[in-house]
Amino acid sequence: MSNKIKVAIIGPGNIGTDLLIKAMRSDVIEPVWMVGVVAESPGLARAEELGLKTTADGVDGMLSSMQTDGVQICFDATSAYVHEENSRKVNEAGAVMIDLTPAAIGPFCVPPVNLADAVASEAMNVNMVTCGGQATIPLVAAVSRVQAVTYGEIIATVSSRSAGPGTRKNIDEFTRTTANGIEQVGGAQTGKAIIVINPAEPPLIMRDTVHCLTEDEPDQDAIINSVKDMIIQVQKYVPGYRLKNGPVFDGKRVSIYMEVEGLGDFLPKYAGNLDIMTAAGLRTAEMYAEQILARNFIPGRA
Amino acid sequence: MNLSGKKITLHDMCLRDGMHAKRHQITVQEMVQIATAMDAAGMPLIEVSHGDGLGGASVNYGFPANTDEEYLSAVCKQMKNSKVSALLLPGIGTVDHLKMAVDCGISTIRIATHCTEADVSEQHIKMAAKIDGLDTVGFLMMAHMIEPEELLSQLKLMEDYGANCVYITDSAGYMLPDDVSARISLARAELHPDTEIGFHGHHNMGMGIANSLAAVEAGANRIDGSIAGLGAGAGNTPLEVFVAVCERMGVETGVDLFKAMDIAEDIVVPMMDHLVRVDRDALTLGYAGVYSSFLLFAKRSAEKYKLSSRDILVELGRRRTVGGQEDMIEDLALDMARQQGTL
């Protein structure tokens, strides 16, 4: 019998399917359910071919057998509008919810910065911020752990093809949620986020710029080392997370120029913005799973 | 060209696009002085905000001398006849900024996206269209990058969301008069007859006046420009010149020509940090199709990393960068400096 922790993915779209492919390679988790709302969804058909149980009746279609199937962790890759309801239901059924939507009802989680805290606090719902947040907040934190950052700003540039309808309909949610994450997880006193969508063909690989303004003169050597260490931590789950230039120091400004290439599992490689979300979500689930396997944590025990 | 009897609305950009040329350092006092003089000259509409629109204050684009709220509330209060507009780029500013600007007293909001990305404006245009009496404008930037048919489909999205006016924006100053005619005339033929059409030019190829005339001939009734051309790149269509041309051609603008000339000569030109003109780099913007506000960023990076600003701008054009990607410039300059062995 498999010793892996069983998980369900809610939302069989591009993100959910990419997550499924990644999760199937995991040593500690095993995807067993894919939940959708449209019977003809190609994502549901694909999941079924891969041996998962599927339902087109939303979370309700899985609830009755969730516990007998041993599902202890769920991912929500649907939309912020339905997330709260989904989360309440799976939490009641004793499973942890990892939120890939911008709903942000649980604490923000950026794995190399605060995943251990989220798991230690036994949070039953964690939110993965935004794609731009996952790509940049680790670097804001890398600077702020060296010295006080009064202002952190990020510019995420994504290819037009990788910006989905959800992001487009509510782009303000991206800028607000990312800015909050820069402050709450990145440790900047004030956060600012900008997103630019570029339609060039062939599509550009996701680029991210991080500007930090430090309170005192930047300790250049310490910041360079901290940034390099942080990049190595992110590369553990996103190998295509690369420093392009910097850190550049200009007075109290510290600027870091990054590129994020995805693994190309289901989504194209240029869509590093989507890949870093699914990879971070999976990394989060794996850490929860390790704690469950070590019997340090029983979801829903409280 | 016979434009006699046409009536158009001029929209001055000194206090928004002009912020680029002033590194966003125009003071509240200067804004009030210029806007008051324009009000007295009969300028119907004056745009006021950070160069990159509401919420543009940032390391990436530059921190302004004052906040958008300070600029807008100070200017709006002083206007007797002129109306005030603000620009908002989704991805930079949010609906919170929009509400703030409305509270300050703007009468026009312009929601700007790259020419292929109109759907990111849905949230903002829909909200603006619901605000009583707010003139809601969709503004498609870098419109030279796509063909007229594709541009039309994006303009229609903005019209569907509720914009009562849509703009074709030559952010790079790349278009020639035929490019303008093709885009405006198709839009005029296909959009709802009540939807107004505007044109926003940059003077990088010296085409500001010619392009604006082509736009009016093809059916545009709102024309952007700025007194003395104060704007990004080689500046916007110089409005005092355009007013003179309109007068000679019998186009009604309602703006007093001599007063407009005096504002240019006595107030705007003296406050310029550099003479806004078609210099080598500004011409390169137009020639290579690059977003006009990249100009000063490219000059600064060229100086810092001992490069040619023209080389930087040409490469930015080759990579098909879009508005807002100012962060690419230092990144690219570092790559170029490394390649030439000076880093």
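Which residue of S6(A) stands opposite Met97(A)? Asn125(A) holds that position. The model is predicted, so local features need pLDDT of at least 70, side-chain atom pairs count only at pLDDT 80 or more, and totals for chains, interfaces and linings use all residues. Residues are numbered from 1 along each chain as its sequence is written, while chains are lettered from A and ligands numbered from 1 in the order in which they are written.

**Overall form**
- Chain A contains 10 helices and 11 strands, taken as DSSP runs (H or I, at least four residues, for helices; E, at least two, for strands) numbered from the N terminus.
- The radius of gyration of chain A, 19 Å, is close to the 19 Å given by the globule rule for 302 residues, so the chain is as compact as a globular protein of that length; the radius is taken over C-alpha atoms, and the rule is 2.2 Å times the number of residues to the power 0.38.
- The C-alpha trace of chain A spans about 60 × 45 × 30 Å along its principal axes.

**Open sheet**
- Six strands of chain A, in the order S3-S2-S1-S4-S5-S6, form an open sheet with parallel pairing; two strands pair if DSSP finds at least two bridges between them.
- At the edges are strand S3 (53-55) and strand S6 (125-127) of chain A, each pairing on one side only.
- Strand S5 (residues 96-99) of chain A pairs with S6(A) in the parallel sense over three bridges.
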